[in-house]
Each structure stands twice: as C-alpha cells, then as structure tokens.
Amino acid sequence: APDGFVAAADSEGRVAVWSIEGADRDLRRDLHLGGSEPISAINFSPDGRLLAAATPSGRIGVWEHRLGRQVQSIDGTRHSLRETVASLCFGKNAELLFVGMSSGTMWEIEVASGRWLEKLRPQVNGPRQLRRSRDGNLLVSFIPEGGLQLTEGRTGNLLRESVGAVTPCLDAVIYLRGVEQTLVTMTGAEGGGSAGRAIIFSEVTREGTVFEGSAFSKKQGQF
C-alpha cells in the first residue's frame, strides 16, 4: 500500500496486514474471509485505506485494515460463476472493484452495494490480470497470452484495446515515477525473442505510441 502497509494471504482464507514504516510501524492486523478456501487475489485501494481479498469461487471481503473492520462481504458464488478469480484491482476512489477471472472475463463490483456487473468479455482465453496507475485513474487489463485493454478506473469505460498484434505477450506494467499521467507497458516479443514492444500511453491525450526493438528504439505506430 502507498502508506507502507503490506499484506500476505494463506491457503485457508486468512490475511495478515502489517506496517513496515512510519508511525504505524509494526502494527499488525489478522483478517479472515471465512470458510477454508485459499485466497487467490488481494489488493489495496489507491489511498491504502481499504484492502480486498478474494477466493477462487468469488467470495470477496473488503476491510478498513488499519481498524481490522470488515466493511463489505460479497458472495460471488451466488452468481453461479463458472470461472475462478485470478486478480483484483480497486478503481479510482475505491468506489469500484474490478475482478479478473480465469477465463479472461472482467467483472466490475460496486463496493458500497456489492453488486456485480459484467464489464469486459475475453477475446483471448487465459487468466485476466489487472494493474492500475497509482492514483487509480487508469486500469490496465491484460491476458498474458495476448490481449490488452486500457479502461478508466472511475467508470470502467474502455479507452483502448489490442488483441495479439500489438501485445503478443505482456510481461510487465510500469508507471513512470514522477510522471503521473503516463504509463509504460512492456511486452515480450513473439516467439520469445530478445526484441520487445513498449506502449507509452498518456492519460491526458488518451493516445499511445508503440515502440519496438531490443532497446525499444524504433517507433512502430499509434495505439
């Protein structure tokens, strides 16, 4: 979390949260989601106030972790989900929680009500992974085998999408320190070669530029 907290989860639905710096150094909270399922995904809100954890079946808990107080309990098993939870990510202001599934589907949850809304269907099969900008304004949603979507963290609205051609294999998402409105998305090359591709995307212009080559030195086109 941005305020110096870290979290770890086990195979029996338990989450430990503790501070490693600042005034709360060594403060620890032990949280439990209930049941005996393992935790498959965990994520802090952009401001660090909330923590969400999920089991594969879709049981999700949201806590004010400093106080050890659970503020929301969401039972995804009631939605008859035929897929498992692969990742979690809070959006802007922690009003929305995005859930990436093993099939590639992305769900959007209203944190206050616990209501599920299907937001993005997969065009490529594989577990969907989620990353966000530090302020929560931008959500990067990708499937490692090829497929990248950029959405607004506040609304979940799709901004850009690429399948296969631009992102054959996504390795990492990096946000430039000190440049809040620009992200760099690095991808591996097709066939596992040494060359790669990078997408630099600006939240201001809502446009991206694609670079390729071993040092990302050749401009390829727009995204």
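Predicted model: local features only at pLDDT ≥ 70, side-chain atom pairs only at ≥ 80, totals over all residues.
Local features are reported only at pLDDT of at least 70 and side-chain atom pairs only at pLDDT 80 or more, while totals for chains, interfaces and linings use all residues. Residues are numbered from 1 along each chain as its sequence is written, and side-chain values use heavy atoms, with hydrogens and water left out.

The hairpin is formed by strand 10 and strand 11, with four residues between them. Strands here are DSSP runs of E with at least two residues, numbered from the N terminus. Strand 10 covers residues 106-110 and strand 11 covers residues 115-120; the two run antiparallel and are joined by five bridges, where pairing requires that DSSP find at least two bridges between the strands. In the turn, Gly114 has a positive phi of about 75°. Within this pairing, Trp107 stands opposite Glu118 in strand 11.

A pair of aromatic rings is described by the distance of the centres and the angle of the planes. Rings of Phe, Tyr and Trp (its six-membered ring) pair if their centres lie within 6.5 Å; planes under 30 degrees apart count as stacked, over 60 as edge-to-face and the rest as tilted. By this rule there is one aromatic pair. The ring centres of Trp107 and Trp116 are 5.6 Å apart and their planes lie at 80°, so the pair is edge-to-face.

Accessibility is classed as buried (under 20% relative accessible area), exposed (over 50%) or partly exposed (in between), using a 1.4 Å probe and protein chains only. Trp107 is buried because its relative accessible area is 14%, and Trp116 is buried at 7%.

Glu161 is found in strand 15, residues 158-162. With a relative accessible area of 34%, Glu161 is partly exposed. The C-alpha atoms of Glu161 and Ser141 are separated by 9.4 Å, the two residues being 20 residues apart along the chain.
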